[in-house]
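Work through the exercises below with the structure in view, and try each task before reading its solution.

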Amino acid sequence: MNMNLSESQTKVNLLRAFAGESQARNRYTFAAEQAKQENLPVVEMVFKFTANQELAHAKVFYDFLKEMTGKNITIDGSYPVDIYGTTLELLRSSQHNEFEEFEPVYPDFGKIAAQEGFQQIGTKFNQIAKIEKTHGERFGMFADWLEQGKLFVSDVEEEWMCLNCGYVHKSSEAPKSCPVCNHPQGYFIRLALAPFTSK
């Protein structure tokens with residue numbers, strides 16, 4: 001069935017998704033501040049990196065509403081309030097929220113869009129759902145390391161990169177401070193997870 005967007009459930013779902021992505025971006029920006037206060041710059045960067053991807057998702061959803069420019073769309077929905085006092089709690093709540101978008105929220109929105117004749121929008125919902133799964137897994141991985149005391153310690157020898165200057169250190173533990181730039185241990189990440197590296 002092909003519907004007019006202005007008469008569809010899809011327009012409502014697009015704005016719900018836009019609202020959700022916009023709020024996630026802000027929540028992750030706030031969470032980055034908490035990580036910074038706990039001297040965890042690497043986790044701060046993870047939150048900021050993910051916040052920027054949520055901005056990109058919000059724009060994808062918002063751009064589909066262009067023909068509705070100048071009009072208001074009434075939506076209802078429930079959105080999380082995640083004002084936790086620790087980075088670990090913020091990572092866990094973020095993991096939960098991302099997995100919820102992965103399944104069932106965005107696949108359900110994608111199914112409705114396809115039923116209403118908006119195949120491209122349905123595809124985008126499903127593509128972004130898979131990205132949200134990646135976000136949830138990333139938050140979960142860092143939460144696991146924090147819980148287990150392994151954010152800067154490994155069971156095996158690894159290479160660790162200082163995200164400030166790029167120094168690489170090989171050991172089962174990241175240095176307490178970078179021998180090159182003197183930034184604290186919180187700036188180190190496993191080289192395999194460092195941006196723009198071949199490992």
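At 88% relative accessibility, Phe-196 lies above the cut-off of 50% and therefore counts as exposed. The model in which this value was computed is a predicted one.

**Exercise 1. Find where Phe-196 and Asn-39 lie, and describe the backbone angle phi of each residue.**

Step 1. Begin with Phe-196, which is placed in the segment after β3 (188-190). Its phi is positive, at about 60°, although Phe-196 is not a glycine.

Step 2. Turn to Asn-39, which is found in the loop between α1 (9-37) and α2 (41-63). Phi of Asn-39 is near 60°, again a positive value in a residue other than glycine. With a relative accessibility of 58%, Asn-39 counts as exposed.

**Exercise 2. Count the aromatic pairs in the whole structure, then describe the pair of Phe-47 and Phe-139.**

Step 1. A search of the whole structure gives ten aromatic pairs.

Step 2. In the pair of Phe-47 and Phe-139, the rings are 5.2 Å apart from centre to centre and their planes make an angle of 35°, an arrangement described as tilted.

Step 3. Because Phe-47 lies in helix α2 and Phe-139 in helix α4 (residues 119-148), this pair ties together parts that are 92 residues apart in sequence.

Step 4. Phe-47 counts as buried at 0% relative accessibility, and Phe-139 counts as buried at 0% as well.

Step 5. Continue with Tyr-106 and Phe-109, whose ring centres are 6.2 Å apart and whose planes stand at 40°, so this pair is tilted. The two residues are three apart in helix α3, and therefore about one helical turn separates Tyr-106 from Phe-109. Tyr-106 is buried at 2% relative accessibility, and Phe-109 is buried with a relative accessible area of 11%.

Step 6. Tyr-106 and Phe-109 also belong to one aromatic cluster, which is formed by Phe-61, Tyr-106, Phe-109 and Phe-125.

**Exercise 3. Identify the ring over which the charged end of Arg-190 sits, and the ring whose face lies under Lys-133.**

Step 1. The charged end of Arg-190 is placed over the ring of Trp-145, at 3.8 Å from its centre.

Step 2. Lys-133 lies over the face of Phe-102, and the distance to the ring centre is 5.8 Å.

**Exercise 4. Describe the largest cavity by its volume, its lining residues and the elements that supply them.**

Step 1. The structure holds one cavity of 30 Å³ or more, and the volume of the largest cavity is about 30 Å³.

Step 2. At least two lining residues come from each of α4 and β3, and β3 gives the largest share, three residues.

Step 3. Sorted by class, the lining has six nonpolar residues, no polar residues and one charged residue.

Conventions. Residues are numbered from 1 along each chain as its sequence is written. This is a predicted model: local features need pLDDT of at least 70, side-chain atom pairs count only at pLDDT 80 or more; totals for chains, interfaces and linings use all residues. Side-chain values use heavy atoms; hydrogens and water are left out. Helices (H or I, at least four residues) and strands (E, at least two) are DSSP runs, numbered from the N terminus. Buried means under 20% relative accessible area, exposed over 50%, partly exposed in between (1.4 Å probe, protein chains only). Rings of Phe, Tyr and Trp (its six-membered ring) pair if their centres lie within 6.5 Å; planes under 30 degrees apart count as stacked, over 60 as edge-to-face and the rest as tilted. A charge sits over a ring if NZ of Lys or CZ of Arg is within 6 Å of the ring centre and within 35 degrees of the ring normal. On a 1 Å grid over the protein atoms alone, a cavity is a set of points where a 1.4 Å probe fits but cannot get out, and a pocket is an open set with protein on both sides within 12 Å along at least five of seven lines; lining residues have an atom within 4 Å of a point. Grid points are joined across faces, edges and corners, and a volume is the space filled by probe spheres set on the points. Ala, Val, Leu, Ile, Met, Phe, Trp, Tyr, Cys and Pro count as nonpolar, Asp, Glu, Lys and Arg as charged, and the others, Gly among them, as polar.
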